[in-house]
Amino acid sequence: MTSQTITAAASGTWNLGDMTVNRIGFGAMRLPQHGEALTADAVPRDRDQAISMLRRVVELGVNHIDTAAFYFSSLRSANELINQALAPYPDDLVITTKVGPGRDPSGRWLPHATPEQLRGQVEENLRQLGRDHLDVVNLRIVGTDSIAERFGALAELREAGLIRHLGLSNVHRHHVAEAQTIAPVVCVQNMYGLGASPEQQEFLHLCGDQRIAFVPFYSIAGTGRTAGATTDQSAEVHAVARARGVSAAQIRLAWTLHQGPHVLAIPGTGDLGHLAQNVAAGSLRLSKEELAVLDRLHRETA
């Protein structure tokens, strides 16, 4: 099989609450614009191109899309593109969104939402996506302060039927324990990939022990973050990639998936070729020797 025929089913599955998803998903952050995401002066992506991308995502078996109402450029909103491209939604498609951060119409960041403001953010996601409920809502935070009031506000919306499942993003271990005294946590989204800190490695294993999905962001981009993948790949990654006849990005993604069956990937792209490669990375089964090389690199660069 070629990268054009491999589907997300090759990556295996995991459950987000009572919903089963393929472990390779799609992140919509880069969808509304070209170049760096989440910048006020981003160049909008062509609407037809973005819609074609989303439809190809689903054709390749991806049934887990990560988005947010604050993913937009001056002309494009990721949520509204998803709605236009995919509604009425396939029965098995899980759309995960996040609340907490916000941006004004010019693209400038606003203070994170208070507990009282979170309902408005949830309703905005519902409106943009054309849904009567949200599959998964992640509370994204900054810092180490208590999340009890904010997570409690989302738990109330879950009880009201506006949200099916809850998760967390950019959090610390104690936040998971705190949240679980309020409502079940089905996933944690944190930055993770080759070279991640020992603390994040421990956090990943903690989630696995508790059957919580761990959903890394920037697993390909690394230090490139919102600007996308860098070309500064290590010699070890390039060597493994050359031997396999794949890209360095695919090796980084495959290594991340090898960290546990509960690890889900949500790589984002605006390029159809890169999309096919990302999905195909879910079929890569790294050997013990390859993993040993990459694990050593991971420890040395952590």
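Q: In strand 10, which residue is the bridge partner of Val99?
A: Strands are DSSP runs of E, at least two residues long, and helices are runs of H or I, at least four, both numbered from the N terminus. Strand 7 (residues 94–99) and strand 10 (residues 134–140) pair in the parallel sense over four bridges, where pairing takes at least two DSSP bridges. The partner of Val99 in strand 10 is Leu139.

Q: What kind of model is this, and how are residues numbered?
A: This is a predicted model, where local features need pLDDT of at least 70, side-chain atom pairs count only at pLDDT 80 or more, and totals for chains, interfaces and linings use all residues. Side-chain values use heavy atoms, without hydrogens and water, and residues are numbered along each chain as its sequence is written, from 1.

Q: Which strands stand at the edges of the open sheet of seven strands?
A: The strand order is 3-6-7-10-11-12-13, with parallel pairing. Two strands have a single partner strand each, so one side of each is left without a neighbour in the sheet. They are strand 3 (26–27) and strand 13 (213–217).

Q: Is His262 buried or exposed?
A: His262 lies in the loop between helix 8 (248–257) and helix 9 (272–281). Buried means under 20% relative accessible area, exposed over 50%, partly exposed in between (1.4 Å probe, protein chains only). His262 has a value of 5%, so it is buried.

Q: Over which ring does the charged end of Arg103 sit, 4.2 Å from its centre?
A: The rule asks for NZ of Lys or CZ of Arg within 6 Å of the ring centre and within 35 degrees of the ring normal. Arg103 also sits over Trp109, at 5.6 Å. At 4.2 Å, the ring is that of Phe72.
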